[in-house]
Amino acid sequence: MLTYLRISNFAILDEVELTFGSGMTVLTGETGAGKSLVLDAVALLRGGRASAEMIRTGADEARIEAVFAPLPGSSAEEALRERMLKLGLETAQLRDEGLVVRRVVGRSGRSRIHIAGQISTVAVLSELCGSLIDISGQHEHQSLLEVSQHLRLLDRSGVPAELLAKMATAFDALVQSSAALQAASQDERARTDREEFLRFQLQELEAAAPQPGEDEALRAEQKRQRSVEKLLTAARRGETCLYSAEGSVLDQLGMLLRDWHEAAALDPELQTLSAQVLEAQALLDDVAHRVRRYADGLAADPQRLQEVEDRLHLLGRLLRKHGPDLATLLRKQAEMQEELEALSQHEERRAQALQAVDKARAEAQKIAKQLTQARQKVALRLAEQAGEALGELAMSGARLLPKVEGRAAGKGDDPALLFSVDGEVRRLSREGWDRCELLLSANPGEELRPLHRIASGGELSRVMLALRRILGQADQVATCVFDEVDAGIGGATADRVGRQIRALAQNKQVLCITHLAQIAAYGDDHFRVEKQVEEGRTATRVRPLDATERREEIARMLGGARVTAKSRAHADELLKEAR
């Protein structure tokens, strides 16, 4: 659960530190005090979108830090540890310090994210913390009006995750096999044209027979052939200087060695120098003979030069078509050869691909049927549980029914993904071939109608709370956050809403932002959110209330700005009833 939250320079929250316990925690305060800012900060920890507008005026960055502390050795800790390892995160600090998460938003709007002391990304943050905190706010209430979200809600209510995973795997396999079939079944004329084109290209390359590194070797030879006269002059001059000319370098060294012959016997140091000169003489003698052979072998060969230039021209033309270099050309030649062989085996490949599609369709159809049956069972159970929960929320006789039906086919759909089921064509997706829409009858005797057409704001709040409590029994989320779940309700209904939230808090940590005293009275802990002006700057403070302060706050919520003995008595009555 969430045990610690620190918010710095976030909108009008300059520095807020909150320590949370288990059970139900309520946050109250005047309208506009900044209660929902706490929710917005928590949303950032779930991977919500960040922007520079969130940063407090005059600050360079906003910072949100949190600590999640699962019970040591619990299944929740093990599940969290497995998720972290799957996401590539170290878990060494988890047992001692809990999961420490930090998100810093800079003026550029970009975030720096640290998870368990490691730099991370928004995607990893969303994947990890999205499974730790669930937020039910006005935006989430409105999401009930989006039919596209209803199937996901139904699946979360008890459809086996293993079955959903099997469906996704079977769908991916079907898509891949269908793509292979389409590739093998391309238009026959286009296939023939492609085959002829590949044969022509390969014949040209095979006739040229380029070799790795050939172009570089040819350019070196071309340069040498074009410079024969210059090379020959340099070689002859070198041979003359070293050996042939009167007074050549080798003659001079010979004379030097004769002069030193007797003197070297008189001084060991001169003897060492003589030995080095002798080595140099031998080396230069070898160079002189080699340069003579080099010069003798040099001869202009116009025919060879033309052959080299013709070959380079041919390779250049091929590189312009297949380049940019010889290595790329050779790779493309191999790829074209593989494609030609594949096209040549067209019928065999198509038969194999068709067989793979049939097999994948049979598997996907089997799992999709199982998934539909599972959803229908969950829908009936959810309808029954929702009816009971709505009855406890002053909507006696209301019915909520998840209607499961086939997803209709659309124009341009892949035929491999279309199935005939009970006389209708259904389109398969990674979630199966079902769609779901929530139908509501808010009052006894009324027919079920689409939720998005008839529900009021207050009814939406209660439907969301009822579903949240039902889902709380099916998912592993440890912390639930409710923002303005009391919208559009009051009086006895508010008391029932408070009871429902408190019941949910028996097994989960609940944070509840509310305007209603009837709900606030059910909290185990109570924080007041206050907006203050200090030195010309507005700042929001969040502070825990003791028993006396809590009584005053609930009395204020009941009676307005002026707290009276009557409102205090009423607050005492609410707190006593809640206990």
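Reply: Burial is settled by relative accessible area: buried means under 20%, exposed over 50%, and partly exposed in between, with a 1.4 Å probe and protein chains only. The model is predicted, so local features need pLDDT of at least 70 and side-chain atom pairs count only at pLDDT 80 or more, while totals for chains, interfaces and linings use all residues. Residues are numbered from 1 along each chain as its sequence is written, and side-chain values use heavy atoms, with hydrogens and water left out.

Me: Why is Glu30 called partly exposed?

Reply: Glu30 has a relative accessible area of 42%, which lies between the limits of 20% and 50%, and therefore Glu30 is partly exposed. Arg556, with 13%, is buried because this value is under 20%.

Me: What makes Arg528 and Glu530 a salt bridge, and which network includes them?

Reply: Their closest N and O atoms are 3.0 Å apart, which is within 4 Å, so the pair qualifies. Both Arg528 and Glu530 are buried. Through shared partners, salt bridges join Glu30, Arg528, Glu530, Arg543, Glu549, Glu553 and Arg556 into one network.

Me: How do you know that Glu363 and Lys366 are separated by about one helical turn?

Reply: Glu363 and Lys366 are three residues apart in helix H15 (residues 346–391), which is why the separation is about one helical turn. Their closest N and O atoms are 3.6 Å apart, and they form a salt bridge. Glu363, at 37% relative accessibility, is partly exposed, and Lys366 is partly exposed at 44%.

Me: How do you know that the buried residues of H4 line one face of the helix?

Reply: The buried residues of helix H4 (residues 122–129) are Val124, Leu125, Leu128 and Cys129. Seen down the axis of H4, they fall within an arc of 105 degrees (taken from the directions from the helix axis to the C-beta atoms), so they line one face.

Me: What makes the lining of the largest cavity nonpolar?

Reply: A cavity is a set of points, on a 1 Å grid over the protein atoms alone, where a 1.4 Å probe fits but cannot get out; lining residues have an atom within 4 Å of a point. The largest cavity has a volume of about 50 Å³, volume being the space filled by probe spheres set on the points, which are joined across faces, edges and corners. Its lining consists of Phe20, Leu27, Val38, Leu39, Val42, Val481, Leu511 and Ile513. Ala, Val, Leu, Ile, Met, Phe, Trp, Tyr, Cys and Pro count as nonpolar, Asp, Glu, Lys and Arg as charged, and the others, Gly among them, as polar. The lining therefore divides into eight nonpolar, no polar and no charged residues. H1 supplies the largest share, three residues.

Terms used: Salt bridge = Lys/Arg side-chain N within 4 Å of Asp/Glu carboxyl O. Helix = DSSP H or I, 4+ residues; strand = E, 2+ residues; numbered from the N terminus. 1 Å grid on protein atoms, 1.4 Å probe; cavity = no way out; pocket = protein on both sides within 12 Å on 5 of 7 lines; lining within 4 Å.
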